[in-house]
Amino acid sequence: MTVFHAAQALLPGGWARDVTIRADAGGTVIAALPDTAPPEGAERLPGHVIPGVPNIHSHAFQRAMAGAAERRSPAGRDSFWTWRETMYRFVARLTPDDAEAVAAQLQVECLEHGFTHLAEFHYLHHQPDGTPYADRAEMSLRHLAAARATGIGLTLLPSLYRHGGIFGATPSPGQRPFLNDIDGFEAILARCAEAVREMPRARLGIAPHSLRAVTPAMLAHFADHPGPIHIHAAEQLREVEECLAATGARPVEWLLANMAVDARWCLIHSTHLTGEESRGLARSGAVAGLCPTTEASLGDGTFDLPAFAGAGGAVAIGTDSHVGTAPREELRQLEFSQRLRSLSRSIAADGASPHPGRALLDAVLRGGARAAGAPLGAIAPGTRCDLVELDGAHPTLVPHQGDALLDAWVFSGQSSPVRTVAVAGEVLVRDGRHHGHEAIAARFRAAMRRLAA
Ligand SMILES: [Zn+2]
């Protein structure tokens, strides 16, 4: 049994004071009681406690490229597609040891900023020439090893990647480390399932990479999977145009018409949607997995949040390429992109929830739990005891309270007011630092120097 006592905590019914939070030995909340005195032995959290935020889209290895793919190319027409070529050259150097060191560093950064669960969309399966490692699941297992070391919750999403363009184009040499046929992919899934069974904070889903990488037959093969099922969709206009040319439908339109898209699914990006696609996706119960800083970095475009939210659509946030690793940064970019697009303010807020910081947090906690396939996103009985304590005395937050404090957290300041982070009742971050911060950073530095040599 673990017991916390929070001076203020965001419960499903709103902000409450003097909250005793009890978790069982497995790290599940069994009670969250406001207006209570601190029980003996309780871990005191004197700040403002919010539920841990799920990060629903990660390619961990790309943390090692963050900031290193900005230089203008000689041709001067830089885009997602030129960035992708840089990424292909980079993965040709990455060993399993490097991948684990980078994943652990990323996970520590995420935890220190208030993400307590990561959905790892994992497609870097093989050696640079495409030869599988002796254990075909080696790279997947390295992400689980990193999660065991850092304590973060993980939804591992091995990615099926077979082709180099819409419905069957030949892959390029740079894509060889990603490729599997169905049998090879099933072998990876089986190994991962075995490993995840031993990890109570881990879940296993699948990720058909995109309509650029799998065929309709491959998608149909996994149609009955219990989920989560994640897929990249409609990130780039070129992808939309290629899909239209090949199938007569746009990517999200095609998925909605041909697959049983429902709450098991998370469509990553969903940037370029027609009104009809937006309403259809919202109706399906699938989550739109938004990655605001990466989408801005890659020049993808802007998601139409008011249209999707107005239709009752569920959203979640991910850090994808990890140019950002903080929930506040993703939420800030998401709201700011909508303001620039609509020439107005407070887009995520409405009459019921006038603070956009609170409205955004509520939305991504709900959608994030669904996309992660785990009991997350609330401080309530039955959920995992993932807590993030914000220091109310931090210069960014003082003297705000309640939802106004969430606005201050999301929309102002740079230094992080996250003080304490617990996952499944275990405190991993104290005074803003993860317990393994130094050792994991040292291993990451060594990997980065080797990669740059
Ligand atoms: Zn992605």
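This is a predicted model: local features need pLDDT of at least 70, side-chain atom pairs count only at pLDDT 80 or more; totals for chains, interfaces and linings use all residues.
D320 sits in the loop between β13 (314-317) and α11 (327-342). Helices (H or I, at least four residues) and strands (E, at least two) are DSSP runs, numbered from the N terminus. Phi of D320 is near 50°, which is positive although the residue is not glycine. Is D320 buried or exposed? D320 counts as buried because its relative accessibility is 4%. Buried means under 20% relative accessible area, exposed over 50%, and partly exposed in between (1.4 Å probe, protein chains only).

Next I checked S346. I found S346 in the loop between α11 and α12 (356-372). S346 has 33% relative accessibility, so it counts as partly exposed.

Then I turned to the cis peptide bonds. One runs from G227 to P228, with omega near -5°. I placed P228 in the loop between α5 (216-221) and β10 (229-233). Another joins V398 and P399, where omega is about 5°. P399 belongs to the loop between β14 (387-390) and α13 (402-411).

H57 and H59 are both buried.

A note on method: residues are numbered from 1 along each chain as its sequence is written, and side-chain values use heavy atoms, without hydrogens or water. Local features need pLDDT of at least 70, side-chain atom pairs count only at pLDDT 80 or more, and totals for chains, interfaces and linings use all residues.
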